[in-house]
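Please read it with the sequence and the structure in view.

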Amino acid sequence: MVGVPYSKGCLLCRERRIACDQTHPQCMQCCRYGVECPGYKRSWQFKDEGPRLQKRYQKKRSNIRTHSEVINSNGVFTKFSIDERIHPALVHQSFISQQPQVFKEFVCAAFPTMFWHNEFRFGNGFNFADCVVKHFGSKQYHDASVSCLSAEYLGHLTGDPRLHQFSRQEYSKALGAIRRALNSDEALSDTLLLAVILLSFYEMNTRTTRDAWVHHSRAVKQLLLRRRMSFYLSGVGRVCHFAYRPFLIAAALYEGEPCFLADDDWQNLAALLRMEDSQKQSEWAFYINVYETIFMELVKCPGYIKEAREIVSVASPKARLLAQRIYIASNRLRTLSDELRSLLASHNQRKEGIIFRSFVGPEPNAFPETSPSLLLRAAITATSILEELFIRLTTPVYVREESLSSRGTPSSLSTPQSVSVTGGGGPLLDFRFSFELGGGTKKDIPCPFTWLDRVAGSMGLLGAEITYVE
């Protein structure tokens, strides 16, 4: 509604041919000439200008939407920013320049324990996020890999479908560029290794297909195997090794294959890193000896599971040898788990201000979620799986059918020599292995990005279990 006068101005102004400002009866022109304004001939009247304006702009409405608005997936018109209306490239350039900072925020949100509690292992003031940001701007495929993760994270926070769409576009761009780089001199560059790791993280979060992350993990594996072992002692190699080794174990479990990190060269590398990091000045350094030793045992689990699948008879020499190895491994993991649990309890005790030479008091059943506590859960899970495999490998068929269902998993295992493996050959050990990474993220989890951190902290054994087909 707008107010309009019927006259062109006050009577005095019209008589003297003065341009009236037509705002109120005592206009500025009357005041300037020092005369009393006689007022308007007619009073103001309010008219509804809506229909006229609607008719006027109806024809131009489609063009206005084309240039200044966009329709999102919900059918709602969203206005572009002023930068987009002036020059669309300004927004894109501004968005790309913000990617390094957004990526750092993503890493902090996605990995609140793994990178925080293990940052001192990467190097002085040099973590995974810093390593990625340092290479930003060097290659198109690397920038696209960073952008697809950052945009997906922003889309998760804001719920803006345009960010998810941009994320997919950047991911597609990175895929094509990396595929070309793998067949060029760039194949052994640090930038390419980082980019492939980022694409694997992206697929673990978004799951464009069920096993796309596995294909990226295979690429990471090949890129790591092409380098000398000295590459992993410092710099980018050390960062990438610590950042991605849990997912290499998870990929091996998913594919039912041994993990190459169980080979002697990689075991020696883990022992060397254990010695170096245990001597560093950090609140979390006193965990390293037992932490890394547990890792060296966990990385062998995919191989044990693979060999167990190949057993045809529990009476075969191969089954007896495997049972003995599994028995030793489960005993070591049980001992190491007890040691790590005591370290966690004493650490929590010191944080409460209770200082003794040794831990005093009952150990809690649960600990705050940290990288060591997640590894403890993985060790307990692995011990349970190995104990179950041991029973299956050392129990004859007739004993298994009668008593195994009521027997359960014992708290302590007898030695392999004391268990009879005679009485005929058993059937093939038919079982399915499942864990949470194979099932993907759950929609009811408040923040799915922290789920990825829990998978990493547990070395891929989060929610792992064996289901036998009787």
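Phe106 is buried, with a relative accessible area of 0%. The model in which this value was computed is a predicted one. Tyr153 also counts as buried, at 9% relative accessibility.

**Aromatic pairs**

How many aromatic pairs does a search of the whole structure find? The search finds 16 aromatic pairs. A pair of aromatic rings is described by the distance of the centres and the angle of the planes. Phe106 and Tyr153 form one of these pairs, with ring centres 6.0 Å apart. Their planes stand at 65°, which is over the 60 degrees needed, so the pair is edge-to-face. Phe106 belongs to helix α7 (residues 99–110) and Tyr153 to helix α11 (residues 140–158), so the pair ties together parts that are 47 residues apart in sequence.

Phe122 and Phe242 form an aromatic pair that is tilted, with 6.2 Å from centre to centre and 55° between the planes. Phe122 lies in helix α9 (residues 119–122), while Phe242 lies in helix α15 (residues 235–255), so this pair ties together parts that are 120 residues apart in sequence. Both Phe122 and Phe242 are buried.

Aromatic rings also form a cluster: ring pairs link Phe111, Phe128, Phe201, Tyr244 and Phe247.

**Cysteines**

How many disulfides does the structure hold? The structure holds zero disulfides. For Cys131, the nearest cysteine sulfur is that of Cys240, 5.6 Å away. A disulfide needs the two sulfur atoms within 2.5 Å, so Cys131 is in no disulfide. Cys131 has a relative accessible area of 0% and is buried. Cys259 is buried too, with a relative accessible area of 5%.

**The chain as a whole**

The chain contains 23 helices and six strands. Of its 470 residues, 46% count as buried. The chain exposes about 24700 Å², and carbon and sulfur atoms supply 52% of that area. Among contacts between residues at least 6 apart in sequence, 73% join residues at least 24 apart.

Technical notes:
Residues numbered from 1 in each chain as written. Predicted model: local features only at pLDDT ≥ 70, side-chain atom pairs only at ≥ 80, totals over all residues. Heavy atoms only, no water. Buried < 20%, exposed > 50% of the residue type's maximum accessible area, 1.4 Å probe, protein only. Phe/Tyr/Trp six-rings, centres within 6.5 Å; stacked < 30°, edge-to-face > 60°. Helix = DSSP H or I, 4+ residues; strand = E, 2+ residues; numbered from the N terminus. Contact = heavy atoms within 4.5 Å. Areas by Shrake-Rupley, 256 points an atom, 1.4 Å probe, with all protein chains shown as cover.
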